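Subject: Structure for your attention

Dear colleague,

Please find below a structure that I am handing over to you.

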Amino acid sequence: MPPRPSLLLVLFLLIILSMPTLNCSLQGPAQGPVTGPVPTSNSHSNSHSNSHSNARQVALKILSTSSSTSTKSSSLISSLQSPSDRNLCTNLVQTANRREGQIDDIIQRHAKKRPKKVVLAALKLGIVQMKFLDTPPHAAIYETLEALKTFPSVSKPQVSFVNAVLRSASNSTSPLSPSTSNLSPHISSTLSSDWGSSVMSEVAEVYSLHDGGVTLSCTDVDVVGEMFRTHNVTNEVSPLGSVGVKNPGSIKKLHGFDEGLWWVQDSSASLPAILLKNSIERIKKEGETVRVVDVCSAPGGKAMQMGSWGWEVEGVELKEKRAKRMRENIERTRLQNKVTVTVADAKTFQPSLPPLGFLLDAPCTATGTGRKNVDVMRRSEAEGKKMEEELVNTTVGIWENAKHWGSKVCVFSVCSLSVREGESQVDTFLRMGGVEIDRIMPEEVPGFEGSIDEQGRLRIFPSDRGDGFFITRFIFV
Ligand SMILES: C[S@@+](CC[C@H](N)C(=O)[O-])C[C@H]1O[C@@H](n2cnc3c(N)ncnc32)[C@H](O)[C@@H]1O
């Protein structure tokens, strides 16, 4: 006798209730409320995908194999034909990397086991779209599965698993974990102990966003402004003369690159040279040629800035490879008559003539550059501490050498948020003698007036604008 309809209903409800809607497993078929397009084959065809399917496939490939900063991933992104595909792919990869902590938390809540490689990457790709890029969940899941199916090594159960986990995550109303979970424990604890937990949270928030824009320093800002206007490149000129471009696409294809009219440099990174210029202008004699040493010079952003003012700049760089890149930059910007690079250790380098001033943009842990360099968000304690120790010692050695060159003024800067690499180094230099702080005045730093500390030094956080920097100007006494 066939079972009665009411018995069937009870049975059906029991099955539904016993299904784990959370914590999907990679073993066996997908669990959970699977509706909509269920992948049925490992087909390489993509007849239903939208015009951005290539962008998602490339993003998936990058996320499953390498970090967003590698050359390989850049060339994969460049292989995409349309600018909008390249932008989408960059946004997907960058957001997945920047939000890694928050995404991992979602995966942990919805998958019993953490999968590997491309399956893990597909989960990240789907979650990025649903939770951070406002893609409607059904579209995010469908597009992710379509991209996943183009990988020949992926099995049906793996596709079903991704489908189930993404559906489970899309149904969840749990709040996201805070963006501080995207910082490594080492970075969050050093930021908190140096600056307090609210600064640490602000930095985490800024570093978790992919902004995609770029800031340029120009040989002549008016010429660049006019050129961008002619070519309809949306841009914004800062009070310091830096030019912000929101969606530059490929840097090498942006107008003015080949002509060397600009180079990529954050507006806070342009401040050390500007501050040196202000003090040099106070002390230089009428008609005197300004000669400066740019210590730790590559890739040459600050050297080119100073060269574009007509100064004679001697760059000193330890690494041949970086010096080579700097030479290319100098040639592109047609500044080879003004800027030279010597490959040498600045701890022992001696300039041929005493420079009127020098700029020491010291090697550092670069924790202020997390907007561009996602790796700094992840640094482990062992790596971070070792790096800091070595670089602090190198910088003291360079200072000890450079202070005897006979300069009258100098600027010290680091793109680090660490007190040890910034404020404490200045204390060390003052103890070593021969210099006094030349206070930075608000009118010299439009847009950054609030970043001057009580000793007249600049401490810029990434949440202020651009890269985090610490800058102090000295006068020799
Ligand atoms: C923060 S980067 C400089 C950025 C550069 N000032 C600019 O504006 O483009 C620090 C540079 O110092 C170099 N460096 C590290 N130790 C050095 C040393 N002992 N002597 C000279 N250069 C050194 C590194 O190779 C690196 O290129």
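**Findings around the annotated loop**

Leaving aside residues up to four places away in sequence, glycine 300 touches Gly315, Met326, Asn329 and Ile330; here two residues are in contact if their C-beta atoms, placed from the backbone, lie within 7 Å. Please note that this is a predicted model, in which local features need pLDDT of at least 70, side-chain atom pairs count only at pLDDT 80 or more, and totals for chains, interfaces and linings use all residues. Residues are numbered from 1 along each chain as its sequence is written.

Glycine 300 is in the loop between β5 and α13. Helices (H or I, at least four residues) and strands (E, at least two) are DSSP runs, numbered from the N terminus. Glycine 300 counts as buried because 28 other C-beta atoms lie within 10 Å. A residue is called buried if 20 or more other C-beta atoms lie within 10 Å of its own, exposed if 12 or fewer, and partly exposed in between, with C-beta atoms placed from the backbone.

Cysteine 296 lies in the loop between β5 (291-295) and α13 (301-307). Cysteine 296 is buried as well, since 21 other C-beta atoms are found within 10 Å. The residues that cysteine 296 touches, not counting those up to four places away in sequence, are Val316, Glu317, Ala346, Leu360, Asp361, Ala362 and Pro363.

Most residues other than glycine have a negative phi, and most peptide bonds are trans. Cysteine 296, which is not a glycine, has a positive phi of about 60°. The peptide bond from alanine 298 to proline 299 is cis, with omega near 10°, and proline 299 is placed in the loop between β5 and α13.

According to the unreviewed UniProt entry, the annotation "binding site" covers Cys296, Ser297, Ala298, Pro299, Gly300, Gly301, Lys302, Glu317, Asp345 and Asp361. UniProt positions are given in the numbering used here, feature names are shortened, and annotations may be inferred rather than shown by experiment.

Elsewhere, asparagine 232 has a positive phi near 55° and is found in the loop between α11 (221-230) and β2 (235-237). Asparagine 232 is exposed, because 7 other C-beta atoms lie within 10 Å.

For the chain as a whole, there are 16 helices and 12 strands. Of its 477 residues, 44% count as buried. Among contacts between residues at least 6 apart in sequence, 75% join residues at least 24 apart.

With kind regards
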